[in-house]
Amino acid sequence: TAKARGISAQFLQRDIFTLDREFADSFDYVLEHTCFCAIDPSLRSQYVKTVKSILKPGGKLVALFYLHQRPDGPPFGSTEQEIREYFGADFEPIVFQLAKDSIDRRQGEEYLAIFQLKS
């Protein structure tokens, strides 16, 4: 267990769009998996702003984006180009590629991304 190894962890439940109030410039990494595709697309710019605000300078977003073109949602669809547009102003892509080991029903629809906050 983490405790036996001397690692402490704390689990908190928060509204993602209020994290900056409590955790501005706090994290080296943000891990993304199915949050971006679950929120209403009209909130995606706010999501990017929130991620930017909680990362320390030079911090990284490590994400598995679910990109599909099915109508409705959640999960809401997106494209590789849209992801680049949302994150491009504030993040430098280190890795952005089709995921190689997605579960069968998501093969060809998930992209692994590592984006570093620009200085």
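A search of the whole structure finds six salt bridges, a salt bridge being a side-chain nitrogen of Lys or Arg within 4 Å of a carboxyl oxygen of Asp or Glu. The model is a predicted one, in which local features need pLDDT of at least 70 and side-chain atom pairs count only at pLDDT 80 or more, while totals for chains, interfaces and linings use all residues. Residues are numbered from 1 along each chain as its sequence is written, and side-chain values use heavy atoms, with hydrogens and water left out.

| Salt bridge | Distance, N to O |
|---|---|
| Lys56 and Asp28 | 3.7 Å |
| Glu109 and Arg70 | 2.8 Å |
| Arg106 and Glu110 | 3.3 Å |

Helices (H or I, at least four residues) and strands (E, at least two) are DSSP runs, numbered from the N terminus. Lys56 is partly exposed at 31% relative accessibility, and Asp28 is partly exposed at 44%; here buried means under 20% relative accessible area, exposed means over 50%, and partly exposed lies in between (1.4 Å probe, protein chains only).

Glu109 is buried, with a relative accessible area of 16%, whereas Arg70 is partly exposed at 42%. In the pair of Arg106 and Glu110, both residues are buried.

We turn now to the nonpolar interior. A nonpolar core is a set of buried Ala, Val, Leu, Ile, Met, Phe, Trp, Tyr and Cys residues joined through side-chain atoms within 4.5 Å. The largest such core has 23 residues, and those with the most contacts inside it include Tyr47, Leu61, Phe65 and Phe115. Among the elements that give two or more residues to this core are helix 2 (44-54), strand 2 (55-66) and strand 4 (110-117). In soluble globular proteins, nonpolar side chains tend to be buried together.

Leaving aside neighbours within four places in sequence, Leu61 is in contact (heavy atoms within 4.5 Å) with residues including Val30, Val51, Phe87, Phe91 and Phe115. Thr50, found in helix 2, is buried at 5% relative accessibility, and, not counting residues up to four places away in sequence, Thr50 touches Ile16, Phe17 and Leu19.
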